[in-house]
Amino acid sequence: MTLATACWVGQLLCTLPLDGRPVRLGLPVPAAVVTRGLRASGGATLQWRRLPIGGAAPDPVWVELAVVGHGRVAITAGGAGPHDSGSGPACVREALREESPHGPITVTRWRWCNGVVDERRRLQCTVPLSLDGEAFAVAEAVTTDGFDAVARAAVWCRLPRSLQSATGVLPPAGRLGEPLRRELLAALPALRELPGRRGAGDYARSGGIVTNLEFDTTLAMLRCALASRDEAVLARALRSARHLLDHDLDPRSGLPFAHGPDHRSGSPEPGHCWLQGLLWLGCLAADDDLLAAARSLGGALAARPPTGSGRDERARDFAWPLLELEALLALEPTPELAAAADRLALAIAARHDPVAQTFRFGEGELGRGLYLERAWVTGGIVLPALRAHLRRRPDRRLAELVRGVEAALVRAITAAPQGVPLLWRTAGGESFGVVQACADARAVMLLAGLAPAELARFARRDGIAERLAGTIVPDDPDLATTWTMVARCEWVWR
């Protein structure tokens, strides 16, 4: 054993508060630890395996911990090796396939060492199915859990914020977004899921529109659950992830159906595709199905570049896919995904207007040199996507463009002390017709485009909290969309 590897032996990775019920959770650990194995204290029974994410040589490595024990159980480096099959001393995992008149059924069982048996059955519909008064279309799935799925991973709601932040799903704790967090939590009881099996995990907004988890409700719920330590909200996040997997995916494009009057009525498009919620829940809950779905969505995005032209060329069709691909690349680096993300970043950079100090897309062109700058899209989607890209692929010129556009947003916010500027018209370097708003979710998203230090300055000195007060109200007819737009923003949890 070398001195470097010896230093890892006995290192505390986490301490799990257990009550005797089995737990299965994902945890990122240093690659050097994986070679030394893992062990659990206090007589707890542990087995672990690498999760199917990360490629050939990841660091850190995401592993599944399957543990049965009581009290505070320390997981440390230096112990047993992996059980790659998913079967070991803590549980035996069985995967079976059954046939039914409506399609194949995948059965997964976990037989725990304390006698508990978990079973999940997933029917993949190959013909239309009517069940309990609901109609399921071909390519939809019906998942039935014969156990409390959230209880297996709910320990994440009891772990320290520092460990939650180390995963990357949450920022370090702070008071920056505290007023908005209070509003989000107060509105949760009014945020009701749609009824039935097909509705569970999804929500509606005004006009009878099914949101299809627009803006990534799964990610929003997950961040809320961890930050507030609320297992019921974590259960909501898991239901949303399962809903997307079972009901919202188009088998032809591989992308989710966009929002519409039904779950599968809107047209799939890159600008309405989010995989981060699936990805993080797959990692934290050690759920292979969710991880596979996140990878599949990433592949579908990489294979479908933006096609709009003229007024149909939309920033979101470039920036949302880039943001999602970069999130996946941070955990699953593959040449195909990287090439697709690089193309999107170059395409956005090519649309930079040095006079207007923005990235210019066809949807904003008004003719005669006039451009409608949708600042909340630039700040809320484009800049976060480019920053994520720069973390993987540093580029001095692109970084300068990002700083210049951010500076333009800062000037606009400073010049509008009564609200947050959401959009304006620009021509020849002059801006006019500024639309300001207070208590608007788009303003919350715009602020996501600012660097943390700049955002903190506004929060301290410029009354941002006052301008955003009342953004989340329980009687909002579009509460599901508004709530998600705010809760998905990382800075709100800082």
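**Figure 1. Packing of helices H5 and H18 in the predicted model**. Helix H5 spans residues 178-187 and helix H18 spans residues 479-487; their axes come within 11 Å and cross at roughly 145°. The crossing of H5 past H18 is left-handed. On the H5 side, the residues in contact are Leu 180, Leu 184 and Ala 187, and they meet Leu 479, Trp 483, Val 486 and Ala 487 of H18. Sorted by class, this contact comprises seven nonpolar residues, with no polar and no charged residues.

**Figure 2. The largest nonpolar core and the surroundings of Leu 65**. The largest nonpolar core contains 144 residues, and Leu 65 and Trp 483 have the most contacts inside it. Helix H13 (residues 375-392) gives the most to this core, contributing 10 residues. Trp 483 also belongs to the part of H18 that meets H5. Leaving aside residues up to four places away in sequence, Leu 65 touches Cys 14, Val 23, Arg 24, Leu 25, Leu 27, Leu 38, Leu 46, Gln 47, Trp 48 and Ile 75. In soluble globular proteins, nonpolar side chains tend to be buried together.

**Figure 3. The cis peptide bond between Asp 59 and Pro 60**. The bond joining Asp 59 to Pro 60 is cis, with omega at about 10°. Pro 60 is found in the loop that links strand S4 (45-50) to strand S5 (61-68). Most residues other than glycine have a negative phi, and most peptide bonds are trans.

**Figure 4. Positive phi at Asp 216**. Although Asp 216 is not a glycine, its phi is positive, at about 75°. Asp 216 is located in the loop between strand S14 (209-210) and helix H7 (217-228). With a relative accessible area of 4%, Asp 216 counts as buried, because the cut-off for that class is under 20%.

**Figure 5. Positive phi at Gln 357**. Gln 357, likewise not a glycine, has a positive phi of about 55°. Gln 357 lies in the loop between strand S15 (352-353) and strand S16 (358-359).

**Figure 6. Model confidence and residues 1-7**. The protein chain has an average pLDDT of 95, and 98% of the residues score at least 70. Over residues 1-7, pLDDT stays under 50. For this stretch the model has four contacts beyond four places in sequence. Where pLDDT is low, the predicted coordinates should not be read in detail.

Definitions and conventions:
Residues numbered from 1 in each chain as written. Predicted model: local features only at pLDDT ≥ 70, side-chain atom pairs only at ≥ 80, totals over all residues. Heavy atoms only, no water. pLDDT = per-residue confidence, 0-100. Contact = heavy atoms within 4.5 Å. Core = buried A, V, L, I, M, F, W, Y, C linked by side-chain atoms within 4.5 Å. Buried < 20%, exposed > 50% of the residue type's maximum accessible area, 1.4 Å probe, protein only. Helix = DSSP H or I, 4+ residues; strand = E, 2+ residues; numbered from the N terminus. Axes fitted to C-alpha atoms, helices over the stretch in contact; angles between N-to-C directions. Left-handed = near helix turned anticlockwise from the far one by under 90°. Nonpolar A, V, L, I, M, F, W, Y, C, P; charged D, E, K, R; others polar.
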